[in-house]
Every structure is written in C-alpha cells, then in structure tokens.
Amino acid sequence: MSKLLTPDICVVGGGSGGLSVAAGAVQMGASVVLVEGHKMGGDCLNYGCVPSKALLSAAARPGMGFAAAKDHVAKVIASIAPHDSVERFQGLGVQVIEDYAAFTGPREMQAGGYTIRARRFVLATGSSPFVPPIKGLENVPHHTNETLFKDRTQPRHLLIIGAGPIGMEMAQAHRRLGSKVTVLEGLKALGRDDRELAAIVLGALKDEGIDIIEDAKVAEVSGKAGAITLRLEDGRSFQGDQLLVAVGRRANIDRLNLAAAGIDTASGAIVVNTGLRSTNRRVFAIGDVAGGLQFTHVANYHAGLVIRAALFGLPVRASTAHIPKATYTSPELASVGLSEDEAREKYGDKLEILRAPYAENDRARATGQTAGLLKVFAYKGRPVGAAVAGAQAGELINVWALAMSAKLKLSAVAGMVSPYPTLGELNKRAAGAYFTPRLFESKWVKRIVRLVQRF
Ligand code: NAD
C-alpha cells in the first residue's frame, strides 16, 4: 500500500518553473509536494542556460583551454546547484519525492511509493532535445545539449545540425576554444529573428571562422565516433569528428499518463488556457511543457501567475506580448514584443521604425564594439516591439521589456537620463528619434519659439 499525501499543491518537475512555484507556495503557507525524477534545477541549470553561458564566457577569455573551460562550466553549475537542491527545498518545508510522477486518476498521482491527492497540480516537466528522424542518426554517436557540456574531448571539427540559438551559441564557444565548426541549417540561420539584425550576428560569427551553411537540410548521417559524415538533401556532404544536434525541443509528457487525468495535448504539448489551466481544472501546466515560448524566464513568469491563481484564487492571464528573448552569441541578439514584420502587418503606414546604430554611440566607439543596431517599432507614441543586435543586447532589451510590460510611452524612455558614456544611451537615442522630426521639423515649434523670444 502506498502512503497517501494530501498537499495543497503538488508540483511535478524541479526545473526553473517548478522550483519557483514550490518555493513561492511553501513560503506563502501552502503545503507543497515536489516530485523530480532526475536532476533538481532541470535543463536550465544542468544542460542549458547556465552551462552554455559559462562556456561562452570561458571561451571569450584569451588562452582558455578546452579542459579549463569545461572545469569552469562544472564549477558554475556546482555554485548554483545548492540553491536548487533537495536539501534547500526540504529546508523550506517542501516534501521532495525523487521519482517520476504519473496520474492514476483526475486528482491523483503516484510517485516514489506515494499516492499524492493534491488540491492543485502544477506540471512543470519541461522539454528535452528533439532528435529528428534523420536517416542513420540513431546509429551514429551525437551530442545534444544534454551531453555536450560533460564531454572533455575537444572536437577537431564540430558539425552542428540546426542554426537556432543553441546551435549558434555552441558554434561560437567551440570555435573560440579552437575547434573548426560547420553549422548546417535547413532553412535560415537564426531564422526566428529579425533578418537585418541576424545578419549582423551571422557576419561576426562567419568572420570568426565559423562555416554557416543555410538551405542545407541534413538527410543522412553516417560514420562512427571520430569520423562522421552528414549528407544533405542536395547531395553535398560534410565530415567532422563530433556532431551536435540542435534542432529544437519536445515537451516532456510521456511519463505523466495524462489520459488518466483527462488532460489534452496538442502538437506534443499540454493544452492550456490563458490562465495556464489544462483541460483538467485542478491541473496547471507551465513553462516548456505548456507548448509556448521555451525560455526559463517564461517558466518563471508562469510560476508567478500560477501562484496567484492557485493560492489566492485570482484570475490570471498569461501573455506573450511583453516577453523578451536573447541569444548570447557575441554580438548578442535580443528582442521583445512584435517583430518588424508583425508590427508592419498590424499597424501599416502608421508604424514608425526608430533606429539607433551602435556606430553612433560613444561607448561603442570607445570599446570598438560598433557593429550593432537597435530598432524600436512605435505606434502612437508607444513601443510595440524592439530588437537589438550588438554588444550587451540582452541588457539593452531590459528597458524595452519594462516599457512594454508597464505600457510606458516613448517619452518615458526619452526623458530618462542615461549615464554617459553607456550603451544604454542607444535606448534613449531611439526613443528620442521619435520626437526629433516632431520638434525640429515642425513649423509650429519654430513659430512658438520665435514668439516666446519676443517677450
Ligand atoms: P530552434 O528551433 O530555435 O532551431 C533549430 C533549427 O534547426 C531551425 O532553424 C531548423 O530550421 C533547423 N533544422 C531542423 N531540422 C534540420 C535538419 N534536418 N537539417 C538542418 N537544419 C535543421 O532550436 P534550438 O536552437 O535547438 O533551441 C531550442 C529552444 O530553446 C528554442 O525555443 C530556443 O529559443 C530555446 N533556447 C533559447 C536560447 C536563448 O534564448 N539564448 C538558448 C538556447 C535555447
């Protein structure tokens, strides 16, 4: 007989989203069970955001060797791990069950010899690398982001399938650590980003010696460890000694036995309404498993909403309009809100595009980081989207993420005083560009000024 637990909330998945819900809920007085079958901290800490940024940072340091870079990655993970550990969560009062949980009914899960009958369930099981059905791939050793960071053998020539954020970040890190790198992309590299801005980043990556081959759909993989061949649909072939597959991710739903709880899925992810509830009212789904944007900061945002809904019974509405994203290549690429194409489609001629090139920013000049551009898409005095390529783009986008989430006007950003000389002045510059023609090219302004001067 399994033991019965009846917490207020059962969180399934100890990654970014699940840990945020568990920590928040228990500290606000709810009883919480957290079920994690693999590693606390999830993909972000162990295989994703944290190791990738650590590897990029190590690779940017002159003279850093491959093994030392991997040591740095392990050290960074180890330094953050206690914060996400079973011990810390138990200390907070969460009951942690180290197993995989599966539904046995609409309001009941089983894990680790327990039956968990919770008032609310929060599914935060994340996603795993998608391994595409490319002929031969299953027989050839290859990396995904789950294995790459642990491997201490330096590739002589790393082949990467997929030029999304994972592919491009890892291409640059490995190139800077001395490997030859070839990226094969079936469509366009950094294809989800602004084309003009992606071109700035891709140009810099190519200048560092990374081969980026677009319209290159890999059809077949052959060979063995150390001697791998990729054949494209068009017949071209490429050889390398290691292979990284970075072609997207799939939601982790297989072990949950969702059907037993009446939880619907679509395109391999859990269907949720705008309140993040699944088709079973007691069950919320957040982060990657809920099928939307696959970012740690989205999982954390969802966690905050679910706490409000589950603990306080407040209505919540998950939105994507104010969610930023950043790719941490050097230069970086970041955006928030509508893309230029989406904004043009929605606002037509009324859309204004404000541009601030890094080449005109004094700090960028001083540090030799003049390759970059900030674009803001404005409608009736407010930003509807912004995108940046260049140094610190991920930091610059914060202002626009605030402007979008707080629904600020461009005048708020234009009126802010930025310290000189900072890259952040680019934000003020772009906002100011909205007012320049209105102030300097208006005959009314000139008339008023002349009139006032008479007194
Ligand atoms: P992705 O979906 O962003 O990019 C995968 C790329 O692989 C696509 O461009 C696709 O056209 C290409 N592709 C697919 N099949 C192919 C084939 N047979 N041959 C050649 N190319 C092929 O996926 P990703 O880079 O793996 O990232 C996964 C998720 O994680 C994304 O949602 C991403 O936004 C997120 N992520 C974000 C960051 C960041 O924001 N810094 C970093 C890592 C991952």
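Mentor: Start with helix 12 (residues 393-405) and helix 14 (residues 425-440), whose axes come within 9 Å and cross at roughly 45°. Axes are lines fitted to C-alpha atoms, for helices over the stretch in contact, and angles run from 0 to 180 degrees between N-to-C directions. Helices here are DSSP runs (H or I, at least four residues) and so are strands (E, at least two), numbered from the N terminus. Keep in mind that this is a predicted model: local features need pLDDT of at least 70, side-chain atom pairs count only at pLDDT 80 or more, and totals for chains, interfaces and linings use all residues. Residues are numbered from 1 along each chain as its sequence is written, and side-chain values use heavy atoms, without hydrogens and water.

Trainee: Which residues of helix 12 and helix 14 meet?
Mentor: Contact means heavy atoms within 4.5 Å. Leu396, Val399 and Trp400 of helix 12 meet Leu426, Asn427 and Ala431 of helix 14.

Trainee: And in what order do the four strands of the open sheet run?
Mentor: Strands of a sheet pair through backbone hydrogen bonds, either parallel or antiparallel. A pair needs at least two bridges found by DSSP. Here the order is 12-11-10-16, with parallel pairing. Strand 12 (211-213) and strand 16 (242-245) are at the edges with a single partner strand each, so one side of each lacks a neighbour in the sheet.

Trainee: How many bridges join strand 10 and strand 11?
Mentor: Five, between residues 157-161 and 180-184. Leu159 stands opposite Thr182 in strand 11.
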